[in-house]
Structure formats: structure tokens, C-alpha cells
Amino acid sequence: MIKVLLLFSGGLDSMLTAKILQEQNIKIELLAFTSYFFNSNQAKQSAKILRKRVRIIDISKEHLKIVKNPRYCYGCGLNPCLDCHLLMIKKAKQILKKDKIDFIATGEILGQRPMSQNSRQFQILEKNAGLKNRVLRPLSARLLEPTIFEQKGSIDRKKLLAISGRSRKAQIALAKKYKIKIFPSPSGGCILTDPIFSQRLKDLFNHKKRINKNDIELLKVGRHFPANSAKIIIGRNHQENLQIKKMANKQDILMEIDKIPGPTTLIVIPAKTEIQYVILQKAGQLTKRYSTKAQKLSEVKIKYWRKNKKIKILSLRGVNVVIAE
Ligand code: SF4
């Protein structure tokens, strides 16, 4: 029996690809990836629906490198999709050899994403991965050059499809045919396509050389305000306030309004840098601005502290901050 490794995001296209391959009596194994910018939750859920196991590979560190310095171009945000696909295909290729799997398949559709899903990009990807005509895309296969598996007859090309473009009509009809009732929206789960997140990430790349997971997780929470070499992050809800407290490093400063409900603020300070009074003042004003109750008061007390260090108090009168302790 032919065995195929299917790159599985858990989206409808990859679920349909699994069904189409199974119809040809091909044994499929599912492979998904996780990184700092996307997770594998959807892949796990959709694999459950298909009653299949999914193998997950963490590519965080390698993926971060290509996000920082892609060989090809970015998409709408800081998403280097062609580099990212190439990384995934290369990882899949390593498994092929090790587990004696016959070939790789993906749920890609010709023309669905103009920058990364066109014939030229498919060719670049296969050439760079050393897999020329060896990646099967069952949903668009009949619009593409036949892979060697179709040429040899181990895959019946007539049973593959010729879907192209961004319309979802054909996929919705197929979902009905295969009785797939639950599937995610096609927006995808990669935060690199979010323009606000991409801008924050760009700033981080410009300000810090060695970036770790915590730095990236901080970009996903709160409102961000630049403050010279520091950054002020204000929690938008209780959940974010808790996250911010957890993620603070020992040199950073946390801030809250004393005895009045309001946000938790984090002042991210570069290592070996002293906090400037003007930044403390700006953070205090912002913390007050985002508390509905404190906004209305002419004077509030603000607590600020470093992790495991003594709490200090600022007294904030109008726009002037007076250090009380
Ligand atoms: S959107 Fe994100 S996960 Fe998807 S290919 Fe592009 S960089 Fe990779």
C-alpha cells in the first residue's frame, strides 16, 4: 500500500486532501508544525474529526530565523510564506526517508494565495527541497505538471481535482460530499499575518539582537507604547494583567493603581539600563488613563515594583507625578 505524509494544518483544504487520498486507498500520515507564531491546536482538533493521529514538530527556533531574515519576500505582514513552506517541506522530507513513506502531499490550492501558491512558487519550493515533481497537491493536481507518482500510475490523476483561486465554493461542496461539518475559517492561525503584531515584531527586531520566546509572547498581549529604549505595556483585561505579571523579567517594572481597579502595566527595560523618571511618569499617566475609575480622580496613588522587590508608591496629581517613597 502506498504511504503518504500529508502536511496538515487542520484547515478544510487539508481535511479534504486527506479524504481524496484515502479514496485512492492510500495510507496517510498527518504532519503538523508549531512555532512561536502559530500552534497546532487546529491540526489536533481536525485530526480527531478524521480519527487520525497527527505528528507535531516544533520548528520555533528555525522559523524565527527565517522570519527575521527570509530568503524570499514577506507577505502582507512579516510572514515569509515561501521560506516557511520550504522549511516545512524539508522537515517532511527528513521523515520520508526515515519512515519509508512514499511521498509528500499538501492541501495547497493553485492561486489561493497569490504570493506563495502559484506554479512558479511551487517549482522554486520543490527545486530547493530537492523534490522536483515529488510533492502532490491533490486539490489542484490536474492544473499542475504531473508528479512522478501520477506518471508512474501509482496515483490515479483522473481522480485528482482542478481547483484554483480564492473562491471556497468547490471546497464547501466537497465538505458536504465527505460529510465534514466542522472546519475552521480559512483565515489561518498565523499571527504573522496580523499587521499590528508584525509592526511590534519589526520594532523588536530593530531593538533587540537575541530574542527569546518571552519577548514574542509579550508582543501578543496588551497595548504597547514606546518610551525611549523602554516599552510600556498595559493589560486590556484581567487575563492579560495576569499574563503580564508572569512574563515580567527581573529588571522590568510592574505598576498598578493602589486600591482602585485598573490595568497592570509593565515597563520593559533593556538589560543593564536604569529606569528614567520620565518613563515612570509616562507609565503612571497611561495606567491612570486606562482605569475608568482612576481617570475621574484628581489624585491617585500608584504602586510599582520589580519582581520579588519592595513595592514603592507614586502619587499622581493631574499630569504631575510626585514620588512619595
Ligand atoms: S502564514 Fe505563517 S504559517 Fe502560513 S506559510 Fe505564511 S509564515 Fe508560514
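Is Thr34 buried or exposed? I looked this up to start my notebook, and Thr34 turns out to be buried, with a relative accessible area of 18%. Buried means under 20% relative accessible area, exposed means over 50%, and partly exposed lies in between, using a 1.4 Å probe and protein chains only.

**Ground rules**

I am working with a predicted model, where local features need pLDDT of at least 70 and side-chain atom pairs count only at pLDDT 80 or more, while totals for chains, interfaces and linings use all residues. I number residues from 1 along each chain as its sequence is written, and my side-chain values use heavy atoms, with hydrogens and water left out.

I found Thr34 in strand 2, residues 27-34. Helices (H or I, at least four residues) and strands (E, at least two) are DSSP runs, numbered from the N terminus. I then checked Thr34 against Asp58: they are 24 residues apart in sequence, and their C-alpha atoms are 4.8 Å apart in space.

Next I went to Lys91, which sits in helix 4, residues 81-99. Lys91 counts as buried, at 16% relative accessibility.

**Entry: around the ligand**

Which residues surround the ligand? I listed Phe38, Asn79, Pro80, Cys81, Cys84, His85, Arg113, Cys190 and Thr193. A residue is near a molecule or strand if one of its heavy atoms lies within 4 Å of it. Sorted by class, this shell has five nonpolar, three polar and one charged residues. For the classes, Ala, Val, Leu, Ile, Met, Phe, Trp, Tyr, Cys and Pro count as nonpolar, Asp, Glu, Lys and Arg as charged, and the others, Gly among them, as polar.

**Entry: aromatic rings**

How many aromatic pairs does the structure hold? I found four. One of them joins Tyr36 and Phe37, and this pair is edge-to-face, at 6.4 Å centre to centre with 80° between the planes. Rings of Phe, Tyr and Trp (its six-membered ring) pair if their centres lie within 6.5 Å; planes under 30 degrees apart count as stacked, over 60 as edge-to-face and the rest as tilted. Tyr36 is buried, with a relative accessible area of 11%, and Phe37 is buried too, with 3%.

Why is the pair of Phe103 and Phe149 stacked? I noted ring centres 4.3 Å apart and planes at 25°, so the pair gets that label. Phe103 lies in strand 4 (residues 103-105) and Phe149 in helix 6 (residues 148-152), so this pair ties together parts that are 46 residues apart in sequence. I put Phe103 down as buried at 1% relative accessibility, and Phe149 as buried at 6%.

I also noted that Tyr36, Phe37 and Phe197 form one aromatic cluster. Elsewhere, Arg137 lies over the face of Phe122, at 3.8 Å from the ring centre. A charge sits over a ring if NZ of Lys or CZ of Arg is within 6 Å of the ring centre and within 35 degrees of the ring normal.

**Entry: a cavity and a pocket**

I needed the terms here. On a 1 Å grid over the protein atoms alone, a cavity is a set of points where a 1.4 Å probe fits but cannot get out, and a pocket is an open set with protein on both sides within 12 Å along at least five of seven lines; lining residues have an atom within 4 Å of a point. Grid points are joined across faces, edges and corners, and a volume is the space filled by probe spheres set on the points.

The largest cavity has a volume of about 40 Å³. Its lining includes Ser229, Ala230, Ile269 and Pro270.

The second largest pocket has a volume of about 590 Å³. I counted 22 lining residues, of which Leu204, His207, Ser229, Lys231 and Val268 lie nearest its centre. Helix 8 (195-207) gives the most to this lining, with four residues.

**Entry: two asparagines**

Phi of Asn133 is near 55°, a positive value in a residue other than glycine. I placed Asn133 in the loop between helix 5 (119-129) and strand 5 (135-136), and Asn133 is buried, at 16%. Phi of Asn228 is also positive, near 50°. Asn228 lies in the loop between strand 6 and strand 7, and at 57% relative accessibility Asn228 counts as exposed.
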